[in-house]
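Dear colleague,

Please find below the structure that I am handing over to you, together with its sequence. My findings follow directly after it.

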Amino acid sequence: MTTDAFHSTSREAGHGLVAPIAVIDIGSNSVRLVVYEQLSRSPTPIFNEKASCGLGREVLTTGKLNPDAVAKALLTLRRFRVLCDRMGVGRLYVLATAAARDASNGPEFVAACTEICRTEVEVLSGKREAQLSALGILSGVHHANGVVGDLGGGSLELADLHGQRIGSGVTFPLGGLALQDTSGRSLKKADKIAKDLLTKEPHLEHLKGRTFYAVGGTWRALARLHMFQRGYPLHVMHGYVIPGREALEFCRLVRRVPVDTLSRIDTVSDVRRPLLAYGALVLEHIIRIGKPASVFLSAQGVREGRLYELLSDEERRADPLISAAAELNEVRSRSPEHGLELIAWTDRFMASSGIDESAEEKRLRHAACLLSDISWRAHPDYRGEQSLNLIAHAAFIGVDHPGRAFLALAIYYRHVGLIDEDLSPRIRELVSARLLDRARILGAAMRVGYILSAAMPGTLPLTPLTVERGKLALMLMGELAPLGGERVVNRLRTLARLIGREPMVVTSA
């Protein structure tokens, strides 16, 4: 196993220096700039800013972009272009969606945007927008299977996604601003418009029992409200899952009562609140018609889909979670090579232990090994706590919330031992009893590995840890025999107790 297997990046031509890459999304409700550290399988945002311009307001009834909205958007773009210059952005991609493509004065606006941004503006068709949204899900979800829905201010795009296959996309004028416009701000009329357009939609007829991947700011705001109302312990939007029936009931609640009376409405911005009911009724019809098993909230969408397109086939096949963990291992661990050795060392231990491990659990264990030393610079008393907070809230993709909790817990136990007194019980609630057991076993195994190797490469390959003839055996041969001190034995004993074995240190002169 090599670093290349885990670490895939794309470097700008010329001098081999990594340059930031940026995407500007000119949407119907907001204009957003996201600057990423570099083009990679798991791109990390280093700057993210949006301005609510409302370009799509009244486009469907007037046929034109509002002059005030245009002025605000162009002013925002001038700021974004200067920021890109100051940040040394190597490549800038500018995407425009429903408002720009539907308005009669859209071409004039796009020309002004092109002049300001000094790069071509791609005006996305509805099908193209649906495809990019699906690519965004493909880039950020491990083994996706369902229907992707991207709700913007002007439109809703749907696309079927199964493995690497993306079906043809469709678009509807069901964005929040569009519905406000065409319904005359009547939720009753908006409800009928959405129902008429979505009933018997083929994409939804094939959604039953699968996952609906929700993309877009209004749906994220709706999910944030749900998250805070239920006191959910992990405030990370990507990968937040709501069971289908629960999501349906929550959507009905949001559109039934005045929005300002909802509990924890303070978690939603003032600008987004008027659109919540429209987003809720669209999602309600999607769930009622399609009957998905769950709604998966995604922070990945059109922007990330556009970056995913730029990767080679080999880079696309890389695991985004492992890629992100490898990048952190590379920049924050004492020895990145040690993280790779820890993977092989725990592979051998798990294979001999008789402990059942699924492919997904093995994948999570590998990611945990790469993340196991990223907080070494913290004070020893706080390494566990800092690791837990950093990993649980990191900008990872390709991992669900139980997986995040497993990674955070495993590294927490690696630093503090099997001590739960200072650990919030809420984070443990996110994992099953099985995953919690695996996190404790892995944390205990890491504690043996680190006390043996002092986080340096070269030792673990020579000190295998395996279950032999019913005993947990640590091999310390030749000149490595003195490594078997009291602390090593104590940690080995703890691990042995967790897996129901007797510890044994095997040495020779």
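The lining of the largest pocket divides into 13 nonpolar, nine polar and eight charged residues. In this division Ala, Val, Leu, Ile, Met, Phe, Trp, Tyr, Cys and Pro count as nonpolar, Asp, Glu, Lys and Arg as charged, and the others, Gly among them, as polar. The volume of this pocket is about 670 Å³. Of its 30 lining residues, Asn48, Arg220, Arg224, Met237 and Ala299 are the closest to the centre. At least two lining residues each come from β3, β5 (45–52), α10 and α13, and α10 gives the most, with four residues.

The model is a predicted one, in which local features need pLDDT of at least 70 and side-chain atom pairs count only at pLDDT 80 or more, while totals for chains, interfaces and linings use all residues. Residues are numbered from 1 along each chain as its sequence is written, and side-chain values use heavy atoms, with hydrogens and water left out.

On a 1 Å grid over the protein atoms alone, a cavity is a set of points where a 1.4 Å probe fits but cannot get out; a pocket is an open set with protein on both sides within 12 Å along at least five of seven lines; and lining residues have an atom within 4 Å of a point. Grid points are joined across faces, edges and corners, and a volume is the space filled by probe spheres set on the points. Helices (H or I, at least four residues) and strands (E, at least two) are DSSP runs, numbered from the N terminus.

Enclosed space

By this rule there are six cavities of 30 Å³ or more. The largest cavity holds about 410 Å³ of space. It is lined by 29 residues, of which Asp25, Gly152, Gly216, Gly217 and Arg303 are the closest to its centre. Its lining takes at least two residues from each of β3 (30–36), β8 (145–151), α10 (217–229) and α13 (302–310). By residue class, the lining of the largest cavity has six nonpolar, 15 polar and eight charged residues.

Helix α13 deserves a separate note. Seven of its nine residues are buried (under 20% relative accessible area; exposed is over 50%, and partly exposed lies in between, with a 1.4 Å probe and protein chains only), so α13 is largely enclosed by the rest of the structure. The buried residues of α13 are Val302, Arg303, Glu304, Gly305, Arg306, Leu307 and Tyr308.

Overall architecture

The protein has 22 helices and 17 strands. Its radius of gyration, taken over C-alpha atoms, is 25 Å, close to the 23 Å of the globule rule (2.2 Å times the number of residues to the power 0.38) for 509 residues, so the protein is as compact as a globular protein of that length. Along the principal axes, its C-alpha atoms fill a box of roughly 90 × 55 × 40 Å. Of the 509 residues, 56% are buried. Among contacts (heavy atoms within 4.5 Å) between residues at least 6 apart in sequence, 72% join residues at least 24 apart. The protein exposes about 21,500 Å² by the Shrake-Rupley method with a 1.4 Å probe, and carbon and sulfur atoms supply 51% of that area.

Individual residues

Most residues other than glycine have a negative phi. Arg185, in the loop between α7 (176–183) and α8 (187–198), has a positive phi near 65° and is exposed, with a relative accessible area of 55%. Arg264 has a positive phi of about 65°; Arg264 is in the loop between α11 (244–256) and α12 (273–290) and is partly exposed, at 35% relative accessible area.

Leu462 is in the loop between α21 (433–453) and β15 (465–468) and is exposed, with a relative accessible area of 53%. Not counting residues up to four places away in sequence, Leu462 touches Met475 and Leu480. The C-alpha atoms of Leu462 and Val31 are 55 Å apart.

Arg383 is in helix α18 (residues 383–392) and is partly exposed, with a relative accessible area of 22%. With residues up to four places away in sequence left out, Arg383 touches Ser375, Trp376, Ala378 and His415. The C-alpha atoms of Arg383 and Ile411, 28 residues apart along the chain, are separated by 9.1 Å.

With kind regards
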